[in-house]
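I open this notebook to record what I looked up in the structure shown below. The entries follow the order in which I worked.

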There are 2 protein chains.
Amino acid sequence: MTITITAFESSPDGGRGLARDTRVRWALEEVGRPYAVRLVSFKEMKEPSHLALHPFGQIPTYEEDDLVLFETGAIVFHIAQHNKGLLPEDGNGRARAIAWMFSALNTVEPPIVEREQSRFIVGDKRWYGELLPILEDRVRVRLDQLADRLGDAQWLDGAFSAADLIMVLVLRRLERSGLLEEYPNLCAYIARGEARPAYKRAFEAQLAVANHDRGAKDAKRQ
Amino acid sequence: MTITITAFESSPDGGRGLARDTRVRWALEEVGRPYAVRLVSFKEMKEPSHLALHPFGQIPTYEEDDLVLFETGAIVFHIAQHNKGLLPEDGNGRARAIAWMFSALNTVEPPIVEREQSRFIVGDKRWYGELLPILEDRVRVRLDQLADRLGDAQWLDGAFSAADLIMVLVLRRLERSGLLEEYPNLCAYIARGEARPAYKRAFEAQLAVANHDRGAKDAKRQ
């Protein structure tokens with residue numbers, strides 16, 4: 001049962017680990033499952049063969065025997081369901097961890113992506129400087145609430161879970177925005193995630209792709 | 001085992017069924033589980049007693065014995081896990097339905113909410129007329145892909161599932177935007193969802209709250 005995931009051939013973040021394949025790599029490393037990676041170009045992502053795997057033309061996808069999955073939340077959940085260590089064993093704790101998974105993706109991430117994408121879609125408009133602080137305040141609403149709930153706890157609800165894995169990577173998207181620095185407990189939370197050996201292996205694996213891509217581009221230029 | 005959910009005392013949509021409690025009501029109606037509703041005001045939603053149930057101060061919440069859940073995706077999933085009829089029985093089909101649940105909430109809904117909220121947060125700016133079509137095009141990217149994948153199928157992947165329940169209500173947020181009319185198969189898909197007896201019961205239940213609220217406000221004015 002080989003697991004194959006897809007990732008960017010040429011990641012827009014140049015190996016900072018913000019692309020969504022890092023979430024799946026980290027989950028697989030936490031549970032100790034080996035996996036293969038198929039790299040896809042931006043052009044290939046919009047072609048019928050990839051759209052058959054992922055209706056929205058994104059990465060990562062997940063293939064295992066005759067199962068094909070898309071959407072990182074679902075892939076991480078599938079890995080957590082079929083392997084030990086990423087979700088609590090007791091029913092109520094498990095349901096709460098799943099609630100945190102959904103909230104990371106449906107409540108915390110959307111305003112973060114909205115702020116991030118605004119630069120690409122309207123960054124050249126004369127009114128962008130007026131829009132950006134409004135979008136940042138919307139991010140702050142969620143960070144305030146998240147920081148309040150987390151308090152001094154290590155993880156969102158008891159032991160480290162798939163929800164923390166996703167939340168840490170959702171929050172990492174705010175690096176270089178200056179917003180995270182307003183929340184010392186969230187910075188410490190991210191650092192705890194990044195200190196996990198499984199995270200480090202996942203991060204190194206995606207970085208190796210970016211470095212290889214960079215090398216190939218350099219060679220092409222020469 | 002009484003199930004109690006929370007809903008708006010005074011829904012901003014006046015009973016159109018777009019508030020997120022409709023998702024949970026519909027899921028409970030599909031599986032035939034009775035439930036109680038506790039109405040909360042906007043003020044109460046931000047108070048410590050509600051924040052203890054929902055860290056982001058929203059509705060709905062879900063209480064059953066000593067389990068407290070927030071986030072509609074997680075609540076609908078919990079209902080689907082513990083009752084028959086909302087998720088396929090076979091493992092692969094179930095995993096794919098869960099992928100569609102996450103994609104409804106993390107890929108399709110965010111640009112829809114972004115467009116919807118833009119009116120409230122920057123609708124008074126002189127440049128709003130320039131921003132709105134850009135946000136609408138971002139919604140169209142996802143609707144194009146969703147319409148392509150759905151094609152002439154009745155539901156997203158085989159039989160009706162929790163994923164369709166969420167996707168139908170995510171798409172309904174675009175009513176009155178004029179965007180849905182560009183996609184006849186998505187309109188037909190929404191209509192199939194709305195034709196389900198369980199949906200009708202859920203819709204009527206939330207409408208009764210809005211009508212009662214309206215009556216109370218009228219009485220106050222007299």
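**Entry 1: a hairpin in chain B.** I began with β3(B) and β4(B), which form a hairpin with two residues between them. In the turn, I noted that Asp65(B) has a positive phi of about 50 degrees. I took helices (H or I, at least four residues) and strands (E, at least two) as DSSP runs, numbered from the N terminus. The model is predicted, so local features need pLDDT of at least 70 and side-chain atom pairs count only at pLDDT 80 or more, while totals for chains, interfaces and linings use all residues. Residues are numbered from 1 along each chain as its sequence is written, and chains are lettered from A and ligands numbered from 1 in the order in which they are written.

**Entry 2: strand pairing.** I counted strands as paired if DSSP finds at least two bridges between them. β3 (residues 61-64) of chain B is joined to β4(B) by four bridges, and the two run antiparallel. Glu64(B) stands opposite Leu67(B) in β4(B). I then found β1 (residues 3-8) of chain B joined to β3(B) by three bridges, again antiparallel. Here Ile5(B) has Tyr62(B) in β3(B) as its bridge partner.

Entry 3: I located Thr2(B) in the segment before β1 of chain B. I call a residue buried if 20 or more other C-beta atoms lie within 10 Å of its own, exposed if 12 or fewer, and partly exposed in between, with C-beta atoms placed from the backbone. Thr2(B) counts as exposed because it has 9 C-beta neighbours inside 10 Å. Its C-alpha atom is separated by 9.3 Å from that of Arg33(B), 31 residues apart along the chain.

**Entry 4: helix α8 of chain B.** In this helix (residues 184-194), I found Leu186(B), Tyr189(B) and Ile190(B) buried. They lie on the same side of α8(B), because they cover an arc of only 95 degrees around the axis; the arc is that of the directions from the helix axis to the C-beta atoms. Pro184(B), Ala188(B) and Ala191(B), on the other side of α8(B), are exposed. For packing I used contact, meaning that the C-beta atoms of two residues, placed from the backbone, lie within 7 Å. The buried residues of α8(B) pack against α6 (128-150) and α7 (162-172) of chain B.

**Entry 5: helix α4 of chain A.** Nine of the 11 residues of α4(A) are buried, so this helix is largely enclosed by the rest of the structure. Among them I noted Ile75(A), Phe77(A) and His78(A). The cover over the buried residues of α4(A) includes α1, β3 (61-64), β4 (67-70), α5 and α7 (162-172) of chain A, together with α5 of chain B. I also looked up Glu89(A), in the loop between α4 and α5 (91-122) of chain A. Glu89(A) counts as exposed because it has 7 C-beta neighbours inside 10 Å.

**Entry 6: domains of chain A.** The domain bounds come from an automatic or database domain assignment. I recorded domain 1 (3-85 + 198-221) and domain 2 (91-196) of chain A. Their centres, taken over C-alpha atoms, are separated by 21 Å. I found 11 residues of domain 1 of chain A in contact with 11 residues of domain 2 of chain A. On the domain 1 side, α1 (21-31), α4 (72-82) and α9 (197-221) of chain A each supply at least two residues.

**Entry 7: the two chains together.** The contact takes 37 residues from chain B and 36 residues from chain A. Which elements give two or more residues to the side of chain B that touches chain A? They are β4 (67-70), α4 (72-82), α5 (91-122) and α6 of chain B. α5(B) gives the most, with 16 residues.

The same surface serves both copies, as 97% of the contact residues of chain B recur in chain A.
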